[in-house]
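The sequence and the structure come first, followed by the description.

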Amino acid sequence: MQAILAVTVPFFSLVLLGWLAAQRRVLPESAIPGLNAYVLFFALPCLLFRFGSSLPLARLIDPLLISIYTACALAMVAITVFATWRRAGTHGVEPKNAARGVDLKNAAFGALVAAFPNAGFMGVPLLVALIGDRAAGPVIGAILVDLIVTSTLCLALAEASGHRAGDGSEGSKRGAAAAALLALRGALANPLPWAIVIGALFAAFDRELPGPIAQIVRMLGDSATPVALFTIGSVLWRAGRHAHTRTPVRDYLPVALLKLILHPALVFGLGSAAIAL
């Protein structure tokens, strides 16, 4: 327990420092997007590249792990949408006796929240610090599933909800396909999966970066953890500051329970079953 606290307390202290820096205006609100961009486009890709180039491909892209995590992600999306989506009545009019819930767009975003962990900013550095470098492979595999499969599916559902021309209509199908393509293009524009793929290619062909470039990548990667945690805190403060309304507990509690209880239970259960077999 003491060893776990020795790792987790500094991590969450950095999150608190980021929150306090933004709340006290030591960090200007206008600087928060810059911090986020630094982590997303520079520091975190370098960290993932380092792990990708130092791990065997079989540990980085484990087919069994990818299959299990993908199945759990798809199940989480389906369960969350089913639990939170309130279907509209004829011509979009809500029936008087309709159950409480949200529309399909918000249900899709809720599913994204439930199924998408903060594996990049928090998961990789925290698990590596707790378990060691051997934890990087499974987490990186999960990141690829989250960025390419989960986010694409949820964003496609959200976008398609605005193009619905009637259930089963050609317009609805075209809108869903266009939304899925747009979401996939957005996922492929994210630098994180490309950093993993390029790192894996370096490992597969036994290549190394030239000395000065390798040192730059190492320095940027080393900065990823503290800056990412600090940024999380500042983003949390900004989100609270700009929240004009509070979401009723009945709307977000199902998503919170699914994320905190069901998702880990699904991954653990399927993983244990796969190991037993």
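This is a predicted model: local features need pLDDT of at least 70, side-chain atom pairs count only at pLDDT 80 or more; totals for chains, interfaces and linings use all residues.

On the α6 side the contact uses Ala-119, Gly-120, Gly-123, Val-124, Leu-127 and Val-128, which meet Ala-136, Val-139 and Ile-143 of α7. By class, this contact of α6 with α7 holds seven nonpolar residues, two polar ones and no charged ones.

## Overall make-up

The chain consists of 277 residues, of which 36% are buried. It has eleven helices and zero strands, so that, in the notation of elements from the N terminus, the order reads α-α-α-α-α-α-α-α-α-α-α. Of the contacts between residues at least 6 apart in sequence, 83% join residues at least 24 apart.

## Nonpolar cores

The largest nonpolar core contains 32 residues, and Leu-48, Phe-51, Val-124 and Ile-143 have the most contacts inside it. At least two residues of this core come from each of α1 (2-23), α2 (32-54), α6 (119-131), α7 (136-161), α9 (191-204) and α10 (211-241). Apart from this core lies another, of eleven residues, including Met-76, Leu-112, Val-255 and Leu-258.

What does Phe-51 touch, leaving aside residues up to four places away in sequence? Its partners are Val-124, Val-128, Asp-133, Ala-136 and Ile-140. Among these, Val-124, Val-128 and Ala-136 also belong to the contact between α6 and α7.

## Oblique pair α7 and α9

The axes of α7 and α9 come within 10 Å and cross at roughly 140°. α7 and α9 are therefore oblique to each other. The crossing of α7 past α9 is left-handed.

From α7, the residues Ile-140, Ile-143, Leu-144 and Leu-147 make the contact with Leu-192, Pro-193 and Ile-196 of α9. The contact of α7 with α9 has seven nonpolar residues, with no polar and no charged ones. Ile-143 of α7 also takes part in the contact with α6.

## Pair α4 and α5

Helix α4 (residues 63-84) and helix α5 (residues 104-115) have axes that come within 8 Å and cross at roughly 140°. The crossing in which α4 passes α5 is right-handed. In α4, the residues making the contact are Tyr-69, Ala-73, Met-76, Val-77, Thr-80, Val-81 and Thr-84, while α5 contributes Leu-104, Ala-107, Ala-108, Gly-110, Ala-111, Ala-114 and Ala-115. Sorted by class, the residues of the contact of α4 with α5 are eleven nonpolar, three polar and no charged.

## Loop residues with positive phi

Most residues other than glycine have a negative phi. Which loop holds Arg-25? Arg-25 is in the loop between α1 and α2, and its phi is positive, near 65°.

Asp-206 lies in the loop between α9 and α10. Asp-206 is not a glycine, yet its phi is positive at about 55°. The relative accessible area of Asp-206 is 68%; a value over 50% counts as exposed, and Asp-206 is therefore exposed.

How values were computed. Residues are numbered from 1 along each chain as its sequence is written. Side-chain values use heavy atoms; hydrogens and water are left out. A nonpolar core is a set of buried Ala, Val, Leu, Ile, Met, Phe, Trp, Tyr and Cys residues joined through side-chain atoms within 4.5 Å. Buried means under 20% relative accessible area, exposed over 50%, partly exposed in between (1.4 Å probe, protein chains only). Helices (H or I, at least four residues) and strands (E, at least two) are DSSP runs, numbered from the N terminus. Contact means heavy atoms within 4.5 Å. Ala, Val, Leu, Ile, Met, Phe, Trp, Tyr, Cys and Pro count as nonpolar, Asp, Glu, Lys and Arg as charged, and the others, Gly among them, as polar. Axes are lines fitted to C-alpha atoms, for helices over the stretch in contact, and angles run from 0 to 180 degrees between N-to-C directions. A crossing is left-handed if the near helix is turned anticlockwise from the far one by less than a right angle, and right-handed if clockwise. Angles under 35 degrees count as roughly parallel, over 145 as roughly antiparallel, 65 to 115 as roughly perpendicular and the rest as oblique.
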